[in-house]
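Open the structure in your viewer and keep the selection tool at hand. This tour goes stop by stop.

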Amino acid sequence: MTNLQQLQLRTRTDRHEANMRILSYVLPFYIVALIFTWLVFKDARYLHWFLVPIGLSGLIVLIDAVNWMTGRYDLFDPAGILGLFMAHFFFSAPLMHITYDYWMRYIIPPSDWRDWLGWMAWLNFLGLIIYRVIRDFGFSTKSKPKMFMKWKIDRKRLLLLLTAGLAVTGALQMLVYAQSGGIVGYITAFEEGSSENFKGMGFVFMISESFPILFLMFWVIITQDKKWAKSWVMIIGILAVYFILKLLFGGLRGSRSNTIWGLFWAAGLIHMWVRPMSKQFIAVAMVFLISFMYIYGFYKAAGTEGIQALMEGGSAKEELQSSHNRGIETTLLADLGRSDVQAFLLYRLNIPDNGFKYAWGRTYIGSVTLLIPSSLWPGRPETKIKEGTELQYGSLEDSPGMKYSSRIYGLTGEAMLNFGIFAAPASYIVFAVYVRRIRYWMLTWDKDDARVLILPFLINLSLLMLGSDGDNIVFVLIKNGAVPFMILFLASKKEMVFHNALDQKEIAR
């Protein structure tokens, strides 16, 4: 290729990149404008000022979503994945609450939910600005340090440890089934009350339920260079096997998130180690996941009877949906959103003399201390459950028999329970720092670095940080990540890597 041809190619590439950059800013504006126009003409309830902050938040997050869809971001770039999730979390979910008239149960609601959705959207808009500035300002992967740490895989040691891990985790799960009376007894124990029947088995589950991801890591390592393993038939087949394993190792006891986030990790491993996935494949996978969440909601609500009611349809399905709040709107707005919950917290905090006492960081400490058994620390700090319950229903001291609320409040919700209203946007600081670091690792780690095997899990944590609470994150971090991380750590050689031979000579001198 001549110098002129190289210049022409570079010019076309730069022009294309400039066009994609412009599109990422223009297209979100049209999406927001078209959706708002349609909603306002469709339903007069949308003629309200709350559209302004929701629309501004939508513009910010849709930029990342468009960059992901146009290929400017890698398929598993956390910025793009979060952009897609945030497009629902901050933009479509608040609007869908109005369409479905779907709100929290068992509380005294505000007179107009739209006001508090709007005020919460202003706080989130400010937080999203903080997030984008911290995440992107000065971000570059070009200026790497002269030397950096690499986890080089010792293949024989890793396969040996994975084999041992599969043997131990598989044996523990068989023991769990044996104590429960087989798979049927296991399901029955869940239906009768999983919190009691599986009490004290958290440590066993932490180890045993790592079997599926250890299995997939083993498969990825031994088939990485095999052409037959890269066919879509084989990839879909291994994902199907993995899905069944996730159900058998934890899914059948009502752990829906255990299955969903496990599939995310599996898809990331396939994408980064075996064969890059397409957006079409991910779109089909998303439809499958949402459908699974909807169907599994019936199982979680009523066990096998719930699945039977879903299959029968008609009045049986409608009765279960009504009694257990398990419609598709529950999946989209309660499982995948926190709009009404956070708006309600904001509403309650603005009631004069509400008597509420902030946790002042104790919920985060309580989350970390969950790692210490209550038998060793009986009076360990409480998690968000105390403040969450009291802000919704009043002081637990005044009503000692009151049941605790198990709601999930999300990043900004838990921040408000601890430090008040303006902690909501401030909470995005920690979130942005984490996403920035994960992006840097993804774009700079070598493909054969052992840590790439847990990178999808770390990316997944960014989604959990946004929509979950401290105790949920600690639980997932330890239960799902501890065993795989320990195996990778033991099976890797930590060595300093230099970018080129010249650097090595300079260091040697």
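What follows is a walk through selected residues of a predicted model.

**Stop 1: a nonpolar patch**

Select Ile-22, Leu-23, Tyr-25, Val-26, Leu-27, Phe-29, Tyr-30 and Leu-34. Together these residues make a nonpolar surface patch of about 800 Å². Now pick out Leu-34. Leu-34 sits in helix H1, residues 3-42. Is Leu-34 buried or exposed? Leu-34 has a relative accessible area of 61%, so it counts as exposed.

**Stop 2: salt bridges**

How many salt bridges does the structure hold? There are 18. Visit three of them, then a network.

Select Asp-43 and Arg-45. Their side chains form a salt bridge, 2.6 Å from N to O. Asp-43 is buried, at 14% relative accessibility. Arg-45 is partly exposed, at 34%.

Next, select Asp-446 and Lys-150. Here the salt bridge spans 3.5 Å, N to O. Asp-446 is in the loop between helix H19 (428-444) and helix H20 (455-467), and Lys-150 is in strand S1 (residues 147-153), so this pair ties together parts 296 residues apart in sequence. Asp-446 is partly exposed at 28% relative accessibility. Lys-150 is buried, with a relative accessible area of 11%.

Move to Glu-209 and Lys-479. The closest N and O atoms of this salt bridge are 2.6 Å apart. Again, distant parts of the chain are linked, 270 residues apart. Glu-209 lies in the loop between helix H7 (202-208) and helix H8 (211-223), while Lys-479 belongs to helix H21 (residues 470-490). Glu-209 is buried, with a relative accessible area of 4%. Lys-479 is buried too, at 6% relative accessibility.

Now select Asp-64, Asp-77, Arg-132, Arg-135, Asp-136 and Arg-439. Salt bridges with shared partners join these residues into one network.

**Stop 3: positive phi**

Some background first. Most residues other than glycine have a negative phi.

Select Asp-101. Its phi is positive, about 55 degrees, although Asp-101 is not a glycine. Where is Asp-101? Look in the loop between helix H3 (78-100) and helix H4 (113-136). Asp-101 is exposed, at 52% relative accessibility; the cut-off for exposed is over 50%.

Finish at Asp-353. This residue, also other than glycine, has a positive phi near 50 degrees. Find Asp-353 in the loop between helix H14 (339-349) and helix H15 (362-368). Asp-353 is exposed, with a relative accessible area of 82%.

Notes
Residues are numbered from 1 along each chain as its sequence is written. This is a predicted model: local features need pLDDT of at least 70, side-chain atom pairs count only at pLDDT 80 or more; totals for chains, interfaces and linings use all residues. Side-chain values use heavy atoms; hydrogens and water are left out. Helices (H or I, at least four residues) and strands (E, at least two) are DSSP runs, numbered from the N terminus. Buried means under 20% relative accessible area, exposed over 50%, partly exposed in between (1.4 Å probe, protein chains only). Patches are made of residues with over 30% relative accessible area and no salt bridge: like charges are joined within 9 Å, nonpolar side chains (Val, Leu, Ile, Met, Phe, Trp, Tyr) within 5 Å. Accessible areas come from the Shrake-Rupley method with a 1.4 Å probe; for residues, only the protein chains shown count as cover. A salt bridge is a side-chain nitrogen of Lys or Arg within 4 Å of a carboxyl oxygen of Asp or Glu.
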